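Here is a friendly walk through one protein model. Keep the picture open while you read, and look up each part as it comes along.

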Amino acid sequence: MCSIGVKSTLDDLRLRVDHELDVSNEVANYAIEAQLARLEAELSQKNIPVSQWTSRFHLEDLKELQHVDIELIASNGELLDSNHPLTSNLLTGLPLWLENSLKDYLGHTEIITTPIMFAEQHLGDIVIRPNFSAEWDDIRSYIRKSLMPLILTFLVGSVLIAIIASLILLPVSEMLPKKNKQTPPARTPFALLRLNQLLAVNRQLKLLKQRYLDTDQKIDVLNQQLITIQEAERKRLSAELHDEIGQHLTAIQFDINTIKHSASLDEAKISAAAIDSVHRRMTVIVRSMLQRLRPPELTALGVHGAISELFNDWVLRHPQHHAKLSIEGDFNQLDETRQLTIYRIVQESLTNISRHAGAENVEVKVSLSCNNDLIDISVNDNGNGYHPSSSNKGYGLTGMRERVEALSGSFHITSAHGDGFTLSATFPTQGTAE
């Protein structure tokens with residue numbers, strides 16, 4: 001745009017100077033012809049001697065013709081008079097190549113020479129040539145008055161467009177996956193420009209599109225896994241209800257019929273004792289089912305107490321391991337979803353350690369912390385390790401990840417065969433689950 005503006009300026013200036021040169025040349029030629037006619041008449045009448053012929057031109061009267069230099073030159077080449085005696089040889093300060101290029105572009109290179117003859121004697125010449133110094137002054141003045149505001153407007157407009165485009169692209173860049181999790185640098189007054197984002201807008205939009213496609217595929221996979229988990233849980237509950245509770249209800253019905261038709265009190269007491277025993281076993285079964293649906297310890301003991309009881313039970317069942325539990329912060333103000341998420345993550349992690357840690361003397365560390373903003377969960381061991389991409393991977397890790405990401409948190413696993421297992425989860429203490 002600046003180049004177009006400069007070219008437009010030069011074209012406009014060339015047209016103006018062309019017109020002024022034409023007018024100046026016509027005025028100069030008319031004035032010189034009049035002076036030559038008067039000089040010839042005075043010389044013919046011998047009103048003045050020939051030696052004083054130069055005094056009749058008065059070229060200083062033509063000083064208002066800025067774009068032409070009119071010079072009176074003697075036959076020996078001496079400059080006798082000029083309409084611009086003080087400025088005709090002024091330098092423009094431009095490099096020679098640029099000055100010649102401008103002269104060629106403007107096309108004002110014609111020199112008009114009019115010889116002064118008297119009695120077949122050549123007295124001198126009148127030379128009319130374009131004044132490039134005056135043209136250059138016009139160019140600078142025109143650029144300063146017309147082109148500079150255009151350039152400033154262009155720059156200000158570019159900055160505004162850059163800021164607006166950056167604000168539009170800011171959500172795009174924030175939605176893209178970050179290469180690292182380091183704390184972003186402090187914003188500067190020029191941070192809004194984000195020119196690198198403007199240059200990479202196409203790449204960013206392609207990455208965003210690919211991320212959405214990957215997310216859609218991931219959602220489809222998770223939905224299928226969720227359906228599978230739900231169906232498996234329903235099948236397990238159905239089997240337990242049928243095999244356990246159904247069997248015990250049949251036994252109770254049998255003992256009730258026995259009591260109804262018992263011949264003696266002792267026989268009825270034996271059947272009643274059998275019913276009491278079945279009742280205790282059914283209570284254990286129902287409690288186990290409720291434990292899988294929602295641990296009653298969370299309601300009775302809170303997160304701290306429920307996790308501690310879960311951890312202590314696990315330690316009693318695995319005396320060959322060395323386990324340590326650390327709980328910091330107040331978990332009582334958390335909503336039900338977050339409390340259950342914390343419990344399930346610890347429960348599933350301990351279950352995975354039981355299945356995959358392997359050898360004895362495994363060191364297990366479980367750490368929970370809660371502040372005003374974030375909940376941090378960390379579980380690690382130095383056992384055999386387990387990789388999610390290996391065979392026998394179940395839905396436990398997937399379920400934990402879903403729970404954490406539904407709370408706008410982050411979930412990370414570090415594991416390799418023979419190199420232990422580390423799980424870390426972080427999510428905010430407040431917010432609506434997705």
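## The whole chain

This is a predicted model, in which local features need pLDDT of at least 70 and side-chain atom pairs count only at pLDDT 80 or more, while totals for chains, interfaces and linings use all residues. Residues are numbered from 1 along each chain as its sequence is written, and side-chain values use heavy atoms, with hydrogens and water left out.

The protein has nine helices and nine strands. These are DSSP runs numbered from the N terminus: helices are H or I runs of at least four residues, and strands are E runs of at least two. The protein has 434 residues, of which 33% count as buried. Buried means under 20% relative accessible area, exposed means over 50%, and partly exposed lies in between (1.4 Å probe, protein chains only). Taking contacts between residues at least 6 apart in sequence, 66% join residues at least 24 apart. A contact here means heavy atoms within 4.5 Å.

## Two helices side by side

Find helix H7 (residues 296-317) and helix H8 (residues 336-356), whose axes are 11 Å apart and pack at an angle of about 10°. That angle makes H7 roughly parallel to H8. The axes are lines fitted to C-alpha atoms, for helices over the stretch in contact, and angles run from 0 to 180 degrees between N-to-C directions. Angles under 35 degrees count as roughly parallel, over 145 as roughly antiparallel, 65 to 115 as roughly perpendicular, and the rest as oblique.

Which residues of H7 and H8 meet? On the H7 side they include Leu-298, Ile-307, Phe-311 and Trp-314, and on the H8 side they include Leu-340, Tyr-343, Val-346 and Leu-350. Sorted by class, the contact of H7 with H8 has 13 nonpolar, three polar and one charged residues. In this sorting, Ala, Val, Leu, Ile, Met, Phe, Trp, Tyr, Cys and Pro count as nonpolar, Asp, Glu, Lys and Arg as charged, and the others, Gly among them, as polar.

## A helix with two faces

In helix H2 (residues 96-106), Glu-99, Leu-102 and Leu-106 are buried. They cover an arc of only 65° around the axis, which puts them on the same side of H2. The arc is that of the directions from the helix axis to the C-beta atoms. Turned away from this buried side is a face with the exposed residues Leu-96, Trp-97 and Asp-104. After H2 comes Gly-107, which has a positive phi near 75°.

## Charged pairs

Side chains of opposite charge can pair when their charged atoms come close. A salt bridge is counted when a side-chain nitrogen of Lys or Arg is within 4 Å of a carboxyl oxygen of Asp or Glu. How many salt bridges does this rule give? The count comes to four, and the table shows some of them.

| Pair | Closest N to O |
|---|---|
| Arg-129 and Glu-71 | 3.5 Å |
| Lys-218 and Glu-405 | 3.4 Å |

Arg-129 is partly exposed at 29% relative accessible area, whereas Glu-71 is buried at 10%.

Lys-218 lies in helix H5 (residues 201-260) and Glu-405 in helix H9 (residues 396-406), so their pair ties together parts that are 187 residues apart in sequence. Lys-218 is partly exposed at 38%, and Glu-405 is partly exposed at 30%.

Is Arg-338 buried or exposed? Arg-338 is buried, with a relative accessible area of 2%, while Asp-335 is partly exposed at 31%.

## Single residues to look up

The buried residues of H9 include Leu-397, Met-400 and Val-404. Ser-408 follows H9 and lies in the loop between H9 and strand E8 (410-415). Although Ser-408 is not a glycine, its phi is positive, about 60°.

Leu-39 belongs to helix H1 (residues 2-44) and is buried at 2% relative accessibility. Leaving aside neighbours within four places in sequence, Leu-39 is in contact with Ile-48, Trp-53, Arg-56, Phe-57 and Ile-116. Between Leu-39 and Trp-53, which are 14 residues apart along the chain, the C-alpha atoms are separated by 6.9 Å.
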